Amino acid sequence: MATTEQDKPVVVCVFCGSVAGENPAHIQAAKALARAFHENNVQLVYGGGTNGLMGAIARELVTLSGPQAVHGIIPQALVKVEPGYQELNSKEKEEGGKVQEGAGKTHERTVRLDKRTEINETEYGMTSIVPDMHTRKRMMATKVLEGGPGSGFVALAGGFGTIEEVMEITTWNQLGIHKAGVVLLNIGGYWDGLIDWIRNAVAEGFVSKANGEILVTVTDVNQVLPKLKEYKTSVDRYQLKWGQE
Ligand code: AMP
């Protein structure tokens, strides 16, 4: 029987802080989002961090749904600063720095951590180690776009990395590169400044009113998946033809 769009798993990419921040509400939101993913059979794609909000959402979902529900995608350079990868780093050294190649892939090095460090696979799910940030972002987006209806992107609280990722993926939507939903989870008013900025950009005519709604804001974790499911593209998106971004 042929696979239809409906049969494909829902894949959601979460952008979030590599640290936990001062307000425990953010860690709680990360864990609650993992529970919502588990209850709705959603697969997580994320930046592959083992600390902060990233580590919290990955660990929680692996605990609930198993390692196959979580895919971390991390550039080689960041592996060096992530404590959860230290064991992998020392094993690599012992084995002469060899990294297992992913089948048929030339632009990335994919490592299934189960053979190398049981701790990582069982705690953080599957990990792909890629050469650079651009490869990582493209791969994160591709995984979402290969998912079934309701797949999309979510931002929890975070720093420069998070805001840059959520703004880029919002821009890609406006440019017509993809049509997946992008949801900003605004816990404790964390993103109020960004929401104000969008409002002002619309008022000043730098973003159209319709495109100002590309980034959907929610304040409750349980609104994230329904918003992605019912997401409608802006009538003002650019209808452009793109290659592989
Ligand atoms: P930030 O918000 O600055 O903490 O950055 C978090 C975002 O940037 C995540 O969504 C990741 O994709 C990426 N990132 C930044 N730092 C790291 C790290 N140490 N390990 C993995 N990903 C990171």
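Start by selecting residues 152-155 and 181-185: these are strands β6 and β7, which pair in the parallel sense over four bridges. Strands here are DSSP E runs of at least two residues, helices are H or I runs of at least four, and both are numbered from the N terminus; two strands pair if DSSP finds at least two bridges between them. You're looking at a predicted model, where local features need pLDDT of at least 70, side-chain atom pairs count only at pLDDT 80 or more, and totals for chains, interfaces and linings use all residues. Residues are numbered from 1 along each chain as its sequence is written, and side-chain values use heavy atoms, with hydrogens and water left out.

Click on alanine 155 next, and you'll find leucine 184 of β7 opposite. To get from β6 to β7, follow the chain through helix α7 (residues 160-174); this β-α-β crossover is right-handed, meaning that, with the strands pointing away from the viewer, the path from the first strand over the helix to the second runs clockwise.

Leucine 215 is the bridge partner of valine 182. The chain gets from β7 to β8 through helix α8 (residues 192-203), in another β-α-β crossover that is right-handed.

Last stop: lysine 143, in helix α6 (residues 133-145). Lysine 143 counts as partly exposed because its relative accessibility is 25%.

Terms used. Buried means under 20% relative accessible area, exposed over 50%, partly exposed in between (1.4 Å probe, protein chains only).
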